[in-house]
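Welcome to this guided tour. Please open your viewer and get ready to select residues as we go.

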Amino acid sequence: MLVVAGEALIDLVPQPGAGEGEGPLAPLAPRPGGGPFNTAVALGRLGSGTAFCSRVSADGFGTELIARLEAAGVDTSGVQRGPEPTTLAVAVLGEGGSAGYTFYAEGTADRLFSLPANLPQEVTAVCFGTCSLVLEPGASAYEELLREQSAAGVFTLLDPNVRAGLIPDPVAYRGRFRSWLPYVSLLKLSEEDARWLGGGPRDWLREGPSAVVTTHGGEGLSVRTREGAVYRVPGVAVDVVDTIGAGDTVNAALLHRLESRGALSPEGLAGLGAEGWEDVLGYAARAAAVTCSRAGAQPPYADELA
């Protein structure tokens with residue numbers, strides 16, 4: 001069982017040409033989202049046994065989020081529910097389909113997450129990241145869950161997926177990020193995140209992770225391992241509609257492919273070698289390309305990557 005811990009929210013995505021408004025006043029279409037939510041849906045669609053660990057509103061949006069997870073085969077039995085509203089993220093699409101966000105998260109359900117008494121049995125990996133590790137008081141609960149699962153020997157993946165507009169004290173957040181690294185098995189982040197956080201794979205590997213995967217947009221993905229090896233695969237050419245959910249799809253594809261190779265452990269990562277890493281990264285690149293080829297976060301199903 002793979003567990004994804006973090007927020008589920010609603011992206012409000014501009015629909016240019018769908019009405020009289022343009023630019024910031026273009027009509028907005030609600031789309032299920034949130035990095036962890038997208039990762040969980042992608043894992044379910046790829047066929048991995050997946051559970052979602054979060055707090056989700058009991059409002060209409062929250063009900064739809066739960067329905068979308070369950071439609072993808074994700075176990076939602078451990079999701080906490082609350083009367084607070086669902087977080088909203090207003091997207092702004094830039095050149096090449098890149099997305100920026102403004103968040104409406106004050107008093108919302110997902111930030112009130114509390115540490116669960118336990119996770120589903122037979123957990124093999126837990127994935128963390130995005131807003132859930134920023135917004136208190138939930139951020140501290142997710143951080144405690146990360147430390148707890150790492151101490152229990154569970155494989156952990158961290159995708160900081162930085163949303164700078166939500167971070168009031170960048171220096172403090174960068175320090176907190178470094179404090180998580182001893183508890184992280186696999187660190188995955190974008191080039192943009194790496195620049196914002198400072199440092200680089202060599203620095204981060206010394207602090208805990210067995211490998212660091214970096215996404216380079218349309219140029220592909222690379223990995224640096226604790227042993228000093230570096231492997232890279234090119235991106236997959238595709239007509240990009242938008243990039244919403246592409247990085248989240250990479251998270252899911254990495255975990256799914258590593259699971260299929262029996263490599264969800266530090267020893268497993270160390271034993272992959274060139275052929276193994278190129279297979280894992282190539283699979284993630286293909287999966288992300290499918291997501292970029294359609295509007296909103298719509299990750300692929302397993303048969304689309306066969």
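The expected span of a helix is 1.5 Å times one less than its number of residues. Helices and strands here are DSSP runs (helices H or I with at least four residues, strands E with at least two), numbered from the N terminus. Before you click, know that this is a predicted model, in which local features need pLDDT of at least 70, side-chain atom pairs count only at pLDDT 80 or more, and totals for chains, interfaces and linings use all residues. Residues are numbered from 1 along each chain as its sequence is written, and side-chain values use heavy atoms, with hydrogens and water left out.

**Stop 1: helix 1**

Select residues 35–46. How far apart are the end C-alpha atoms of helix 1? They are 16 Å apart, which agrees with the 16 Å that 12 residues should span at 1.5 Å a residue. Now colour by accessibility: 12 of the 12 residues of helix 1 are buried, where buried means under 20% relative accessible area with a 1.4 Å probe, protein chains only. Among them are Phe37, Val41 and Arg45. Just after helix 1, click on Gly47, which takes a positive phi of about 105°.

**Stop 2: the cavity**

Together with Cys127, Phe128 and Asn251, they lie nearest the centre of the largest cavity. A cavity is a set of points on a 1 Å grid over the protein atoms alone where a 1.4 Å probe fits but cannot get out, and lining residues have an atom within 4 Å of a point. The lining has 13 residues, and strand 1 (2–5), helix 1, strand 9 (125–129) and helix 7 (246–260) each supply at least two. About 50 Å³ of space lies inside, a volume being the space filled by probe spheres set on the points.

**Stop 3: aromatic rings**

Next, show Phe177 and Trp204. Phe177 sits in helix 4 (residues 170–180) and Trp204 in helix 6 (residues 201–205), 27 residues apart. Phe177 counts as buried because its relative accessibility is 1%, and Trp204 counts as buried at 0%.

Finally, select Tyr173, Trp180 and Trp196, which form one aromatic cluster.

Notes:
Buried < 20%, exposed > 50% of the residue type's maximum accessible area, 1.4 Å probe, protein only. Phe/Tyr/Trp six-rings, centres within 6.5 Å; stacked < 30°, edge-to-face > 60°. 1 Å grid on protein atoms, 1.4 Å probe; cavity = no way out; pocket = protein on both sides within 12 Å on 5 of 7 lines; lining within 4 Å.
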